[in-house]
Amino acid sequence: MRTRTLTTMAVFIAIGTIGAQLLWFPTGIARAYPVQHAVNVMAGIMLGPGPAVVIAFMIGLLRNLFGPGTLLAFPGGMIGAFFAGYLYKKVGRKSWAIVGEAFGSGILGSLFAVPFAYIFMGTTVGVFAFLPGFIISSISGACIGWFVVSKVKTNSIARV
């Protein structure tokens with residue numbers, strides 16, 4: 001089962017990394033990557049919060065190494081992935097993964113992005129510079145992830 005989990009994680013990392021090249025849009029000073037949020041929801045539902053956070057970290061790392069990402073991928077992606085998996089695990093309904101992703105990435109991620117951007121990127125913008133873009137990206141991506149998971153039979157993959 002551990003091999004299946006690691007393989008599923010690797011597939012999600014590949015989807016998130018390649019998807020960032022294909023689908024993104026500017027949101028002020030940041031860039032929005034809805035595929036990251038879709039992967040967060042899918043991984044949170046299928047694998048749980050721990051693997052979802054690892055997947056979000058690896059996608060952020062690879063995006064930054066390859067060039068299309070920003071350092072803001074780390075606080076937004078990882079917090080959203082955690083809450084998507086956590087709320088799904090606690091409530092047991094896939095729609096709560098969307099709530100977790102939107103709250104984690106959209107609200108908490110944008111709050112964490114302010115000191116993160118100041119320390120690591122040298123920019124002194126406020127939370128309102130990040131909040132609209134983070135929320136739009138996280139809700140749109142989370143809905144995509146929920147749609148995919150609701151159409152795919154997850155019994156053989158979920159909780160591997």
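Predicted model: local features only at pLDDT ≥ 70, side-chain atom pairs only at ≥ 80, totals over all residues.
**Stop 1: helix H1**

Start with helix H1, residues 2-22. Select threonine 5, which lies in this helix. Is threonine 5 buried or exposed? Threonine 5 has 15% relative accessibility, so it counts as buried, the limit being under 20%. Threonine 5 and leucine 47 are 42 residues apart in sequence. In space, their C-alpha atoms are 7.5 Å apart.

Stay in H1 and select threonine 17. Threonine 17 is buried too, with a relative accessible area of 8%. Which residues does threonine 17 touch, not counting residues up to four places away in sequence? They are Ile59, Leu62 and Phe66. Show the backbone of isoleucine 13 as well. Its backbone oxygen lies 2.8 Å from a polar atom of the threonine 17 side chain.

**Stop 2**

Next come pairs of helices. Two packed helices are described by the angle between their axes and the distance between the axes.

Select H2, residues 34-46, and H3, residues 49-66. Their axes come within 9 Å. They cross at roughly 155 degrees. Angles over 145 degrees count as roughly antiparallel, and H2 and H3 are therefore roughly antiparallel to each other. The crossing of H2 past H3 is right-handed.

Show the side chains where the two helices meet. From H2, pick Gln36, Val39, Asn40, Ala43 and Gly44. From H3, pick Ala52, Ile55, Ala56, Ile59, Gly60 and Arg63. How many residues of this contact of H2 with H3 are nonpolar, polar and charged? Six are nonpolar, four are polar and one is charged. Ile59 of H3 takes part here, and Ile59 also touches threonine 17.

**Stop 3: H2 against H5**

Which residues make the contact of H2 with H5? On the H2 side, select His37, Asn40, Val41 and Ile45. On the H5 side, select Ala97, Glu101 and Ser105. This contact of H2 with H5 holds three nonpolar, three polar and one charged residue. Notice Asn40 of H2: it meets H5 here, and Asn40 is also listed in the contact of H2 with H3.

**Stop 4: H3 against H4**

H3 passes H4 in a right-handed crossing.

Colour the contact residues. In H3 they are Pro49, Ala52, Val53, Ala56, Phe57, Gly60, Leu61, Arg63 and Asn64. In H4 they are Ala73, Phe74, Gly77, Met78, Ala81, Phe82, Gly85, Tyr86 and Lys89. By class, this contact of H3 with H4 has 12 nonpolar, four polar and two charged residues.

**Stop 5**

Phenylalanine 83 is partly exposed, at 21% relative accessible area. Leaving out residues up to four places away in sequence, phenylalanine 83 touches Gly100, Phe103, Gly104 and Leu108. Valine 53 is 30 residues from phenylalanine 83 along the chain, and their C-alpha atoms are separated by 9.3 Å.

Select alanine 84, also in H4. Its relative accessible area is 0%, and alanine 84 is buried. What is alanine 84 in contact with, leaving aside neighbours within four places in sequence? The residues are Asn40, Val41, Ala97, Gly100 and Glu101. Asn40 and Val41 belong to H2, while Ala97 and Glu101 belong to H5. Alanine 84 and valine 53 are 31 residues apart in sequence and 9.7 Å apart, C-alpha to C-alpha.

Finish with leucine 87, another residue of H4. Leucine 87 counts as buried at 19% relative accessibility. With neighbours within four places in sequence left aside, leucine 87 is in contact with Gly92, Trp96, Val99 and Gly100. Last, select isoleucine 144. The C-alpha atoms of leucine 87 and isoleucine 144 are separated by 18 Å, and the two residues are 57 residues apart along the chain.

How values were computed: Residues numbered from 1 in each chain as written. Heavy atoms only, no water. Axes fitted to C-alpha atoms, helices over the stretch in contact; angles between N-to-C directions. Helix = DSSP H or I, 4+ residues; strand = E, 2+ residues; numbered from the N terminus. Parallel < 35°, antiparallel > 145°, perpendicular 65-115°, else oblique. Left-handed = near helix turned anticlockwise from the far one by under 90°. Contact = heavy atoms within 4.5 Å. Nonpolar A, V, L, I, M, F, W, Y, C, P; charged D, E, K, R; others polar. Buried < 20%, exposed > 50% of the residue type's maximum accessible area, 1.4 Å probe, protein only. Polar contact = N/O pair within 3.5 Å; in protein donor to acceptor, adjacent residues only side chain to side chain.
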